[in-house]
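Work through the following exercises with the sequence and the model side by side, and try each task before reading its solution.

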Amino acid sequence: MILYAVIMFAVALLFGIIAALIYKGKTNLIHEYHQTNVQNKATYGKAFGKAMAVFPVAMALSGAAALIGENAMGVAFGILTLGLTIGIIAILRVQKKHNGGVF
């Protein structure tokens with residue numbers, strides 16, 4: 001449980017930093033083919049960064065839930081699964097809106 005929480009917190013920090021960089025305009029962290037039809041990269045970067053910020057929040061909450069105890073691991077995995085699903089949907093919506101599709 002503690003190892004899971006440490007891993008979740010570390011990966012959440014990494015994803016949080018990347019999301020913040022993208023939000024601040026470093027859209028070069030997103031692969032070129034995802035930006036083929038993007039007209040306004042600043043708006044796209046802000047939207048993508050916000051959508052990506054769902055991942056570290058979910059990971060941190062999952063790690064915190066794992067610290068409660070062995071019986072809470074199901075809750076931790078549920079939080080992680082729900083958060084990742086919401087994050088993927090958010091990124092797909094950003095891609096569709098700003099790029100016309102995922103690729």
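This is a predicted model: local features need pLDDT of at least 70, side-chain atom pairs count only at pLDDT 80 or more; totals for chains, interfaces and linings use all residues.

**Exercise 1. Decide which residues of helix H1 are exposed on the side away from its buried residues, and which residues are buried.**

Solution. The buried residues of H1 are Tyr4, Ala5, Met8, Ala12, Ala19 and Ile22. Viewed down the axis of H1, these buried residues fall within an arc of 110°, so they line one face of the helix; the arc is that of the directions from the helix axis to the C-beta atoms.

Residues are numbered from 1 along each chain as its sequence is written, and side-chain values use heavy atoms, with hydrogens and water left out.

**Exercise 2. Work out what span helix H1 should have, and compare it with the model.**

Solution. The expected span of a helix is 1.5 Å times one less than its number of residues. Helix H1 covers residues 2–23, and its 22 residues should therefore span 32 Å; the end C-alpha atoms lie 31 Å apart, which agrees. Just after H1, Gly25 takes a positive phi of about 115°. The calculation can be repeated for H3, whose 13 residues reach 18 Å from the first C-alpha to the last, close to the expected 18 Å. For H4, with 27 residues, the reach is 38 Å, close to the 39 Å expected, and H4 is followed by Gly100, whose phi is positive, near 85°.

**Exercise 3. Identify the elements of the chain and state which helices the buried residues of H1, H3 and H4 pack against.**

Solution. The buried residues of H1 pack against helix H2 (41–52), helix H3 (54–66) and helix H4 (73–99), a contact being heavy atoms within 4.5 Å. Next take H3, in which the buried residues include Phe55, Met59 and Ala66; what covers the buried residues of H3 includes H1, H2 and H4. In H4, the buried residues include Met73, Leu80, Ile91 and His98, and the buried residues of H4 pack against H1, H2 and H3. Finally, consider the chain totals: residues 24 or more positions apart account for 70% of the contacts with a separation of 6 or more, and buried residues make up 36% of the 103 residues.

**Exercise 4. Find how many aromatic pairs there are, and describe the geometry of the pairs that involve Tyr4 and Phe15.**

Solution. Rings of Phe, Tyr and Trp (its six-membered ring) pair if their centres lie within 6.5 Å, and planes under 30 degrees apart count as stacked, over 60 as edge-to-face and the rest as tilted. By this rule there are three aromatic pairs. Among them, Tyr4 and Phe77 are edge-to-face, at 5.3 Å centre to centre with 75° between the planes. Tyr4 lies in helix H1 and Phe77 in helix H4, so the pair ties together parts that are 73 residues apart in sequence. Tyr4 is buried, with a relative accessible area of 15%, whereas Phe77 is partly exposed at 43%. The rings of Phe15 and Phe55 have their centres 6.3 Å apart and their planes at 75°, so this pair is also edge-to-face. Phe15 lies in helix H1 and Phe55 in helix H3, so the pair ties together parts that are 40 residues apart in sequence. Here Phe15 is partly exposed, with a relative accessible area of 27%, and Phe55 is buried, at 9%.

How values were computed: Helices (H or I, at least four residues) and strands (E, at least two) are DSSP runs, numbered from the N terminus. Buried means under 20% relative accessible area, exposed over 50%, partly exposed in between (1.4 Å probe, protein chains only).
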